[in-house]
Amino acid sequence: MSSGWWPGVAIVAASSGLALKALWFHPWLAVGVLLDVGAVVAVICSWPGSLH
């Protein structure tokens, strides 16, 4: 994982977004789900912080 506090913040934000979308799912939220999953993948793969 990258150093600094941004990766942790990105994971928390994406995880909470996914949890809320799971509770109140609507088809229009599908794009948001993809973006949240992309943020989690970016942190796990240690991509540059500009991509989180």
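Which residues is Asp36 in contact with, leaving aside its neighbours within four places in sequence? They are Ala14, Gly17, Leu18 and Lys21; contact means heavy atoms within 4.5 Å. The legends below build up the setting of this residue.

**Figure 1. Overview of the predicted chain, with two helices and zero strands.** The model is predicted: local features need pLDDT of at least 70, side-chain atom pairs count only at pLDDT 80 or more, and totals for chains, interfaces and linings use all residues. Residues are numbered from 1 along each chain as its sequence is written, and side-chain values use heavy atoms, with hydrogens and water left out. Helices (H or I, at least four residues) and strands (E, at least two) are DSSP runs, numbered from the N terminus. Helix H1 covers residues 6-23. Helix H2 covers residues 30-44. The chain has 52 residues, and 21% of them count as buried. Buried means under 20% relative accessible area, exposed means over 50%, and partly exposed lies in between (1.4 Å probe, protein chains only). The chain exposes about 3,800 Å², and carbon and sulfur atoms supply 77% of that area. Accessible areas come from the Shrake-Rupley method with a 1.4 Å probe; for residues, only the protein chains shown count as cover.

**Figure 2. Close-up of the salt bridge between Asp36 and Lys21.** Side chains of opposite charge can pair when their charged atoms come close. The structure holds one salt bridge, defined as a side-chain nitrogen of Lys or Arg within 4 Å of a carboxyl oxygen of Asp or Glu. Asp36 and Lys21 form it, at 2.7 Å from N to O. The pair links distant parts of the chain: Asp36 sits in H2, Lys21 in H1, 15 residues apart. Both partners are buried. Asp36 counts as buried because its relative accessible area is 13%. Lys21 counts as buried because its relative accessibility is 16%. Lys21 also touches Leu29, Gly32 and Val33, among its contacts beyond four places in sequence.

**Figure 3. Close-up of helix H1 and its buried face.** H1 has 18 residues. From first C-alpha to last, H1 reaches 26 Å, close to the 26 Å expected at 1.5 Å a residue. The expected span is 1.5 Å times one less than the number of residues. Pro7, Ala10, Ala14, Gly17 and Lys21 are buried here. Seen down the axis, these buried residues fall within an arc of 100°, so they line one face of H1. The arc is that of the directions from the helix axis to the C-beta atoms. What covers these buried residues includes H2. Val12 and Leu23 are exposed on the face turned away from the buried side.

**Figure 4. Close-up of helix H2, whose buried residues pack against H1.** H2 has 15 residues, which should span 21 Å; its end C-alpha atoms are 21 Å apart, in agreement. Its buried residues are Gly32, Asp36, Ala39, Val40, Ala42 and Val43. They cover an arc of only 160° around the axis, which puts them on the same side of H2. The other side of H2 has Val31, Leu34 and Ile44 exposed. Just after H2, Ser46 takes a positive phi of about 60°.

Figure 5. Ala22 is found in H1. Ala22 and Val33 are 11 residues apart in sequence, and their C-alpha atoms are 9.0 Å apart in space. Ile44 has its place in H2. Ile44 and Ile11 are 33 residues apart along the chain, and 9.1 Å separates their C-alpha atoms.

**Figure 6. Close-up of a nonpolar surface patch formed by Trp5, Trp6 and Val9.** The three residues have about 380 Å² of accessible area together. Patches are made of residues with over 30% relative accessible area and no salt bridge: like charges are joined within 9 Å, nonpolar side chains (Val, Leu, Ile, Met, Phe, Trp, Tyr) within 5 Å. Trp5 lies in the segment before H1. Trp5 counts as exposed because its relative accessible area is 57%.
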